[in-house]
Amino acid sequence: MTTKAYALPSDLSPATVTNTTSLLRIIALAFISGAAIASRLFAVINFESIIHEFDPWFNYRATRVLVADGFYEFWNWFDPTAWYPLGRVVGGTVYPGLMATSGVIYKILHALNLPVDIRNICVLLAPGFSSLTAWSTYMFTKELKDESAGLLAAAFIGIVPGYISRSVAGSYDNEAIAIFLLMFTFFNWIKALKTGSAFFGTIAALFYFYMVAAWGGYAFITNMIPLHALALLLMGRYSSRLYVAYSSWYAVGTLASMQVPFVGFQPVRTSEHMAALGVFGLLQIIAFAELVRSHVSSKQFQTLLYASVIGLGFLGTLAIIGLTYKGWIAPWTGRFYSLWDTGYAKKYIPIIASVSEHQPTAWPSFFMDLQFLIFLFPAGVVMCFRELRDEHVFVIIYAIVASYFAGVMVRLMLTLTPVVCVAAAIAFSTVLDTYINPVEPEAPADEAASSEVNSVASDVTNPSTPTPVSKKSKKAVKDSSASSTTGPFGDLVASVTSGKSGKKGERSFGVFGLDTRLVVIFHAIGMLIFFVWHCTWVTSNAYSSPSVVLASSNPDGSQHIIDDFREAYYWLRQNTPETAVVMSWWDYGYQIAGMADRPTLVDNNTWNNTHIATVGKAMSSSEEVAYPILRKHDVDYVLVIFGGLIGYSGDDINKFLWMVRIAQGVWPDEIQEPNYFTRKGEYKIDDEASPTMKNSLMYKMSYYRYAELFGGGQALDRVRGQQVPKTGPTLDYLDEAFTSENWIVRIYEVKKEDLLGRDLKSANAFAQGKKRKRTKPASRRKALL
Amino acid sequence: MYLLPLLSFLLLPLSFVVAKEDPHAELVKLAAANKGVIPLDERVYNLLTSPKRTWSSSVQFTALDPKRRCSPCKEFNPSFNQVAKAWQKVPAEQRDTHFFASLDFDNGMAVFQKLGMQSAPIVHVYPAAEGPRKSPSGKTSPFTYDFSYGFEAGPLAESLSQHTPVPIPYKAPIDWGRWATVAAFGVIFAVTLRFIAPILQSRWTWAAGTVLTILIMTAGHMFTRIRGAPNSGPNGQWIAPGYQNQFGQETQVVAMTYGLLGSAILMLTVVTPYTSSPRRQRAQVYLWSFVIFIMYSVLVSLFRVKNRGYPFKLLL
């Protein structure tokens, strides 16, 4: 008879307990879904139902085209207003999954006579899918441990800031649905592997296809699953279950993924996909060898067979390398390669290195996004090592790979977050299991000292216990505990906890006393509450800003909305002809196309580096050099973002060096980065700024008439914290057209050529009544200043 | 009567050629005598960068004297010399149209002052000002090499090749020491394979490796690697100011904190329940709970230092 730390109700029938637990599970999942959606609505409540940031504006615009013109038109959409004058084949250069998803939802709602605006569907798509992510994480974790860990994992991923950062309402980006697809594909893969079912393998392949259609990050699945399969092969865990699961996933998934036009024949032609193909081939060889082995008994023949398997695998690898070398298989693309060689992007593709979310991650970002999960994570991984079934191997590999990637690039924190939630939930629910279980062990006085050592030693000394055996023993434990006399509720708790300690089923373990239990459980609840506070604070303060609308607070604490972007974009929309070409740095291309509906030279789909470098060159050259470039590209308006007045740090002067660098990559003779620094090598905009800097179009457009705002006082740039020269720059080839309320957006009109054929500089000087001195051409410039 | 002017007329181009060839020949000689790097002083510098030059040149401005305490100069000098040496392999007709030269601060203070240089090392590339190699844009002012790619010879050669008549045939020397180390480790591995096989096959070896990797990565090791962040700041400061920034020591401290917290959780779940003496088990439970609470407080207060606006705190 076991002693118990606290009494359990013993008059419940087993059926009641089962039904109540499943009801509680459903209720808990419903609440988790509710919390996941609700916590993402800060942006809508604090601001309004608006599309956020940059890329979502393009997705939103594309979705509107899809809904208005139908899928066929969308597929063949050529957008002449982007990348003026080149245009963009949108249908073939886009991952259509996101737009198709909201299009389908829109059609369904309208078929039900629910006239929901497409914008609201786009805004609320990410929160909606986050509840599906929570559910699929629950399913995934359930396969690893049990339902209680699954519920914890679902709750974690529902509110963890690392995932919220990319899925708040209005953040209508590919990642919004991709994480759900990622987790659900992984769940189906695990399920297929566990059961050896081609059905689940095919489901995994179908969701893989959805993922391919939705996000470029599908390459993560394309490499994770082969890596897992390969690791299992190397551990000597080949099984027909693995063969069936992998083959069905790969065959169906690859064929399906090739139907996406943007992907096309990449699955057989690029290095990113070769791991999947190679492992597929290897599996076929091994399966064949296993087949032969089961029919042939000669020992020598088997040795020969193994040698030939290894030889064939080796040959296959060589063949892939050879094909890559010959150019039949494209090598790693720069984006992918820069994950391994971290200096690569900065050197060769500055445009990738210039994006802020491609920067490496410092530790505060990890803590901010994951809080206490970050230290439960390694503990959870160790617990995976204790069990080490096939699916645990998957989590371990995922943990290593994702934590490396998240360290290299801030944006890949998103792929790390699910595995952190899963591992942390395993660790946390083990703690709870151990300390909630009311069963107290017997206390044999004689082996008090040695048992602790034993427990560790037993784990270390028989590490290579084959899984089936440990599984069986666990089942045995479950069976035995089920037949004990602790009542149905106690059974449930005991069966949940017994999984951890299956190896020595008969040895007593557990926690003595009630106080110890209370200490740990209160502590755990405290940590959970702190986590919820943290998540709420981070979400409401850091991740819910639409970045189209900025918020500041008035002296009395009330919120003040800074709406300069929309003010300027609507000015463009209402005051310029529809064909007016707007030049800006590429960050704002999608927003201009979406909100102002005007053609742009470059946008966030950074496919043409030379075109971007052209804009960079125009921005970083003097007016005289930039003017022909502007005219040749039919530019009517130039838009710059300037934060100096209100201290908005993400402005163009802070991005300016990247423009210079990108332009330098194409025109190294004309643009040189060091020329934009002062003699001491500092980046300054005050009196000490270098002449090249002061003459650049970007500098002139940013600080044009800025000093006048201070009425003779010292003009201060609040972002850089530097004094702006009192005599500001002058413009001859551009005219100030519009400056928004807080000076964040400044729009300049490009002047047409002078009617009398003079160059605009002398025409301007003439208009100002300054007489041109024929004798000394050099003094012309002086007269202007 | 006519003969004399005629003769002088004939001699004129000759003398001109001699006068013009003279600095170039001198530079070629100097380069050949010094393994491709011309040691400059003020006179030779003016010769090399004369406004009528038909050649281009890469000039390293440096300060190698130990009393100048310029450690980057010492770090960079070998790279520059290697690239210059590689340039010597180019056929003479092209080689002699581009020179490598080095000006030490102690030999040409006047030049440093004239150019307003306040730091070293700096590499300038002077394009040809006249002759067939004059740049099409007519630019004669020097290019400055961008040190953001580091002090290695590879990127330097690649970057300078844009200004030389033919690309610099620089190949990174084979690092024999590294290959030898790899080979030695390979041999050691093969020999001891039989003894270490049980270790390699143990899941706990892999677990340790995995957990260490995870701890290091989540503590921001890759940030310090990629950004080349120093181990600690000036005057012993070990916490870098700012949320998006960190020092090498922070990685260690944070990884250790995470590790301690994680292992305390593990102790509570894996070890403590197997302790069969109630008294000792209770002590363990309280101990590890206390450790978690304290370390978590430390971690949060560390985070508050990095992120000033963070409103929560535990004990500390």
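Gln371(A) lies in the loop that runs between α19 (363-370) and α20 (373-387) of chain A, where helices (H or I, at least four residues) and strands (E, at least two) are DSSP runs numbered from the N terminus. The model is a predicted one, in which local features need pLDDT of at least 70 and side-chain atom pairs count only at pLDDT 80 or more, while totals for chains, interfaces and linings use all residues. Residues are numbered from 1 along each chain as its sequence is written, and chains are lettered from A and ligands numbered from 1 in the order in which they are written.

The phi of Gln371(A) is near 45 degrees, a positive value in a residue other than glycine. Because Gln371(A) has 27 C-beta neighbours inside 10 Å, it counts as buried; a residue is buried if 20 or more other C-beta atoms lie within 10 Å of its own, exposed if 12 or fewer, and partly exposed in between, with C-beta atoms placed from the backbone.

## Other backbone features of chain A

Asp597(A) also has a positive phi in a residue other than glycine, with a value near 60 degrees, and it is found in the loop between α28 (589-596) and α29 (609-620) of chain A. Asp597(A) has 13 C-beta neighbours inside 10 Å and therefore counts as partly exposed.

A cis peptide bond, with omega of about 0 degrees, joins Tyr84(A) and Pro85(A), and Pro85(A) is placed in the loop between β2 (78-79) and β3 (88-89) of chain A. As background to these features, most residues other than glycine have a negative phi, and most peptide bonds are trans.

## Chain A as a whole

Chain A has 35 helices and 12 strands, and of its 785 residues, 44% count as buried. Among the contacts in chain A between residues at least 6 apart in sequence, 72% join residues at least 24 apart, where two residues are in contact if their C-beta atoms, placed from the backbone, lie within 7 Å.

## A pair of helices in chain A

Helix α6 (residues 118-144) and helix α22 (residues 413-436) of chain A pack with their axes 10 Å apart and at an angle of about 45 degrees; axes are lines fitted to C-alpha atoms, for helices over the stretch in contact, and angles run from 0 to 180 degrees between N-to-C directions. That angle makes α6(A) oblique to α22(A), since angles under 35 degrees count as roughly parallel, over 145 as roughly antiparallel, 65 to 115 as roughly perpendicular and the rest as oblique. The crossing of α6(A) and α22(A) is right-handed, a crossing being left-handed if the near helix is turned anticlockwise from the far one by less than a right angle, and right-handed if clockwise.

On the side of α6(A), the contact is made by Thr137(A), Phe140(A), Thr141(A) and Leu144(A), and on the side of α22(A) by Pro418(A), Cys421(A), Val422(A), Ala425(A) and Ile426(A). These residues divide into 7 nonpolar, 2 polar and no charged; Ala, Val, Leu, Ile, Met, Phe, Trp, Tyr, Cys and Pro count as nonpolar, Asp, Glu, Lys and Arg as charged, and the others, Gly among them, as polar.

## An open sheet in chain A

In chain A, 4 strands form an open sheet with mixed pairing, in the order β7-β8-β12-β11; two strands pair if DSSP finds at least two bridges between them. β7 (581-583) and β11 (734-739) of chain A stand at the edges with a single partner strand each, so one side of each is left without a neighbour in the sheet. Neighbouring strands of this sheet are turned by 30 degrees against each other on average, direction ignored.

β7(A) pairs with strand β8 (residues 635-641) of chain A in the parallel sense over 3 bridges, and Met583(A) has Val638(A) as its bridge partner in β8(A). Helix α27 (residues 564-575) of chain A packs on the sheet, where it touches β7, β8, β11 and β12 (745-750) of chain A, and its direction makes about 25 degrees with that of β12(A).

## A buried strand in chain B

In strand β3 (residues 98-104) of chain B, 7 of the 7 residues are buried, so the strand is largely enclosed by the rest of the structure. Both faces of β3(B) are covered, with His98(B), Phe100(B), Ser102(B) and Asp104(B) buried on one side and Phe99(B), Ala101(B) and Leu103(B) buried on the other.

Strand β1 (residues 37-40) of chain B pairs with β3(B) in the parallel sense over 4 bridges, and Val37(B) has Phe100(B) as its bridge partner in β3(B). Strand β2 (residues 56-62) of chain B also pairs with β3(B) in the parallel sense, over 7 bridges, and Phe61(B) stands opposite Leu103(B) in β3(B).
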